[in-house]
Structure formats: structure tokens, C-alpha cells
Amino acid sequence: MEIKGIISKLYAFLYIRGFKVWSSYRTQVILTILSWTLPVFTYYFIGTSLGNKLVQDIHVTNYTSFFVIGLAFQGYVSSVITTISQRIRNEQLYGTIEYYVLSKSGVLSFLIYSAIWGFTINTINAVIILTIGDLLGVRYEINILSTLLLTLLLISSTLGIAFMSAAFTMIIKQGNPISFFFSTFTTLLGGVVFPVTIMPSEVTYISYALPLTWALNGLRNTMLYGYGIFQVLKCIEILLLFNIILIPLGLLMYSFSFKKAREKGTLGEY
């Protein structure tokens, strides 16, 4: 019965509310795919224009491989965080968030199932970018086990940050600083399109405080050079530490803000 209920919710959130709604707006689908693919060609042009010498000066052997991996996995951070906070915001605007509170599943379940759609849509994004990278000459040597492990650790740590973002949306409604930071600055600070080591040392400290930076370091080695788990063990250990801190902290912040919003009667305000 429980499994049947989970399958029903996955069908409702992934297919009906996720894919069916998304695919029904064809112009939006086209624009979304363009927003995924155009940066790949933009950075490819930049890389080929700079020439090998300048690219090697920033300690990157193959720039196309470097940014393709970065762009493919950066979306997991920005899309999951913005999806969850935007879903809460939408339910506040539609006046339906109280129904989720009263429902058997609750708001937390609603957030988790909403996040799964964010994971799904970004997996499509990642596959498209990696395929374009292959067409542009990127040669993959993927260790599936270590790549999956790093990806799961990146997603789970991102989920903790997403709960913090949801907590802000629950209280302040608009102007969410966490959602703004992770959707805007991760490309710059997370080592997505250039190594974090070339930035000023003060900024580098911020980069190393992001799970994305460590995940990309590991993923480039597991997807381009076939590194196994023990060869990227340092990245795995640091990502585990992020998970241990961020997931309980995110749940705690979310529970606190949800309780405060209910006490003040501002849950449905927007």
C-alpha cells in the first residue's frame, strides 16, 4: 500500500505536475533547451579563441572537457534550490499551501517530491550537455560507480541547502538570499567554467565552502580519467561532511520557519 502510494505521488509530481505541464508550453521548452545549450557553444568559442597557451596558463589541459562537466552538473544546484523555493512561493500565491499542510503527506513531502522533478529536469539537461561535449571532441572515460556516488552526494547536500532556501521563503516571502546566491554565483565561484585556484585567495575560501566545487573536482576525474572511489576519496569525504552538516541544518531551519509561520498565521500570506 505504501509502495503504491509512493508510485502514485511520483506519477503525480513527475509526470502530471512536472513533465506534462512543462511540455505543454512548447515555446518554454524550446527556450529552456536553448538556455542549456547556448552556454556550451559560448564557452567553446571562448576556449578556442583563447588558444591552448592561455588555457594551459590557468592549469587546464582541455578547456572544453573542463567546462562541459562543470555546466552539466552546476544545474543540479541552481535548479533544485530554485524549484523548491519557487514551488512554495507559487502555492502561497495560489492560496493552496494550507491544503498541503492539512493533507496526509504534509508540506515536507510536497517539497521532497517537488525536488525530484528538479533532479529529473536537470538530468535531461546534463545528458544534453554531455552529448554536445562528445560532439565537440570531449572523450569520456567514465567510472560509473564513483560518478554516481559523487552525483548523489552533490544532490543530497544541495537538498539541505534547498530546505534552508524554503525556510527563508516561508518567512520573508520574497527576496530569498540563498536562492539568489546559488542561482547566480555558483557558476562564478564553484569552479564551473574556470579553476577556483586562479581567483583571489579570499574568494577561493568561499569556493571551497561550496559542495559544488568539491563535486566537480571529483567528477572531472571520474568522468574524464576513470578514477575510482579511492582515487577521489578526499572529495567524497568532504561531500559527506557537507551532508552531515547541511541536511540536519536545512531540516531544522525549515521546521522552525514552518512553526513560526503557523503561529503567526502567515503561512498563506504572500
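1. Contact here means heavy atoms within 4.5 Å. On that criterion, glutamine 74 touches Phe182, Thr186, Thr187, Val192 and Leu212, not counting residues up to four places away in sequence. Glutamine 74 is found in helix α3 (residues 63-94); helices (H or I, at least four residues) and strands (E, at least two) are DSSP runs, numbered from the N terminus. With a relative accessible area of 10%, glutamine 74 is buried, where buried means under 20% relative accessible area, exposed over 50% and partly exposed in between (1.4 Å probe, protein chains only).

2. On the basis of these remarks: this is a predicted model, in which local features need pLDDT of at least 70 and side-chain atom pairs count only at pLDDT 80 or more, while totals for chains, interfaces and linings use all residues. Residues are numbered from 1 along each chain as its sequence is written, and side-chain values use heavy atoms, with hydrogens and water left out.

3. On the annotated spans: the UniProt annotation "transmembrane region", from an unreviewed entry, covers residues 29-46, 66-85, 106-132, 144-168, 180-208 and 228-254. UniProt positions are given in the numbering used here, feature names are shortened, and annotations may be inferred rather than shown by experiment. Residues 29-46 are 100% helix and 0% strand, and their end C-alpha atoms lie 26 Å apart. The span 66-85 is likewise 100% helix and 0% strand, with 30 Å between its end C-alpha atoms.

4. On a 1 Å grid over the protein atoms alone, a cavity is a set of points where a 1.4 Å probe fits but cannot get out, and a pocket is an open set with protein on both sides within 12 Å along at least five of seven lines; lining residues have an atom within 4 Å of a point. Grid points are joined across faces, edges and corners, and a volume is the space filled by probe spheres set on the points. The largest cavity holds about 40 Å³ of space. Its lining consists of Val77, Leu154, Thr158, Ile161, Phe182, Thr186, Leu210, Pro211 and Leu212. Helices α6 (144-172) and α10 (211-224) each supply at least two of the lining residues, and α6 gives the most, with 3 residues. By class, this lining has 7 nonpolar, 2 polar and no charged residues; Ala, Val, Leu, Ile, Met, Phe, Trp, Tyr, Cys and Pro count as nonpolar, Asp, Glu, Lys and Arg as charged, and the others, Gly among them, as polar.

5. On the open space: the largest pocket has a volume of about 810 Å³. It is lined by 29 residues, of which Trp22, Thr32, Ser79, Thr83 and Ile121 are the closest to its centre. At least two lining residues come from each of α1 (2-24), α2 (26-57), α3 and α5 (106-135), and α3 gives the most, with 12 residues. The pocket lining divides into 11 nonpolar, 15 polar and 3 charged residues.

6. On the nonpolar cores: a nonpolar core is a set of buried Ala, Val, Leu, Ile, Met, Phe, Trp, Tyr and Cys residues joined through side-chain atoms within 4.5 Å. The largest has 63 residues, and Ile69, Phe73 and Leu111 have the most contacts inside it. Helices α3, α5, α6, α7 (177-184), α10 and α11 (233-264) each supply at least two residues of this core; α3 gives the most, with 14 residues. Leucine 111 touches Ile84, Ile88, Phe163, Ala166 and Tyr254, again leaving out residues up to four places away in sequence. A second, separate core of 5 residues includes Val29, Trp36, Trp117 and Ile121.

7. On serine 65: this residue is found in helix α3 and, at 7% relative accessibility, counts as buried. Beyond four places in sequence, serine 65 touches Val138 and Leu224.

8. On two loop residues: asparagine 143 is found in the loop between α5 and α6 and is partly exposed, with a relative accessible area of 22%. Asparagine 143 touches Thr222, Gly226, Tyr227 and Gly228, not counting residues up to four places away in sequence. Threonine 96 is placed in the loop between α3 and α4 (97-102) and is partly exposed at 24% relative accessible area.
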